[in-house]
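Subject: The structure we talked about

Hi there,

Here is the structure I promised to pass on. Have a look at it first, and then read on for what I found in it.

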Amino acid sequence: MSRRPGQSSRDTDLYRFWTFAYSFFYVVTMPPKRLGHFNEKLQNDFPFIKKLKSTDDFNVQCTTCHGSFSVSHGGQSDINDHLKTQKHKLATRSSVQSGKVSNYFSALAPTENDFW
Ligand SMILES: [Zn+2]
């Protein structure tokens, strides 16, 4: 009789451990795919979009118009929506006209010096 309580609490501990381990494993290996987040592919497709924080995959900033927005709704579609905004179009137009963008970007690219 004295064994039972000890044994059952041990089983509960084990159960709690596996529940925790399973949910931890699930969260790490199965990110919610429907939720958009800023990944390497989007970074390659849209080099002018930067993450606001390195730890935040959802809030990004556009270096062309300096507008910040969230990609949590659809990832690429959120960025496409941003590209259609009046603010971004105006910024694109004015930066192309002034010609400052190329200087701005070459100043930001330290890797170029490594190649030359
Ligand atoms: Zn923009």
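Predicted model: local features only at pLDDT ≥ 70, side-chain atom pairs only at ≥ 80, totals over all residues.

To get you oriented, in which helix is Lys 89 found? Lys 89 is found in helix 4, residues 86–98. Helices here are DSSP runs of H or I with at least four residues, strands are runs of E with at least two, and both are numbered from the N terminus. Lys 89 counts as partly exposed because it has 13 C-beta neighbours inside 10 Å. On that scale a residue is buried if 20 or more other C-beta atoms lie within 10 Å of its own, exposed if 12 or fewer, and partly exposed in between, with C-beta atoms placed from the backbone.

Residues are numbered from 1 along each chain as its sequence is written.

**The overall picture**

The chain has 6 helices and 3 strands. Read from the N terminus, the order of elements is α-α-β-β-β-α-α-α-α. Of its 116 residues, 12% count as buried. Among contacts between residues at least 6 apart in sequence, 34% join residues at least 24 apart; a contact here means that two C-beta atoms, placed from the backbone, lie within 7 Å.

The 3 strands form an open sheet in the order 1-2-3, with antiparallel pairing. Strand 1 and strand 3 are the edge strands, each pairing on one side only. From one strand to the next, the twist averages 35 degrees; the axes behind that value are lines fitted to C-alpha atoms (for helices, over the stretch in contact), and angles run from 0 to 180 degrees between N-to-C directions.

Two strands count as paired if DSSP finds at least two bridges between them. Strand 1 (residues 49–51) is joined to strand 2 by 3 bridges. Within that pairing, Ile 49 has Cys 62 as its bridge partner, and Lys 50 has Gln 61. Another 3 bridges join strand 2 to strand 3 (residues 68–70), where Asn 59 stands opposite Ser 70.

What do the two faces of strand 2 look like? Strand 2 (residues 59–62) has Val 60 and Cys 62 on its covered face, and Asn 59 and Gln 61 on its uncovered one. In a regular strand, side chains alternate between the two faces of the sheet.

Strand 2 and strand 3 form a hairpin with 5 residues between them. His 66 sits in the loop between these strands, and its phi is near 60 degrees, a positive value in a residue other than glycine. Most residues other than glycine have a negative phi. His 66 is exposed, because 10 other C-beta atoms lie within 10 Å.

**The core and what surrounds the sheet**

Which residues make up the largest nonpolar core? There are 9 residues in all: Phe 38, Leu 42, Phe 46, Ile 49, Val 60, Cys 62, Cys 65, Val 71 and Ile 79. Such a core is a set of buried Ala, Val, Leu, Ile, Met, Phe, Trp, Tyr and Cys residues joined through C-beta atoms within 7 Å. Leaving aside residues up to four places away in sequence, Cys 65 touches Lys 87, His 88 and Ala 91.

Phe 48 lies in the loop between helix 2 and strand 1. With 15 other C-beta atoms within 10 Å, Phe 48 is partly exposed. Again not counting residues up to four places away, Phe 48 touches Cys 62, Thr 63 and Thr 64.

In helix 3 (residues 76–83), the buried residues are Asp 78, Ile 79 and His 82. They lie on the same side of helix 3 because they cover an arc of only 100 degrees around the axis, the arc being that of the directions from the helix axis to the C-beta atoms. Ser 77 and Asn 80 are exposed on the other side.

Asp 45 belongs to helix 2 (residues 40–45). Asp 45 counts as exposed, with 10 C-beta neighbours inside 10 Å. From C-alpha to C-alpha, Asp 45 and Gln 76 are 9.1 Å apart in space and 31 residues apart in sequence.

Best wishes
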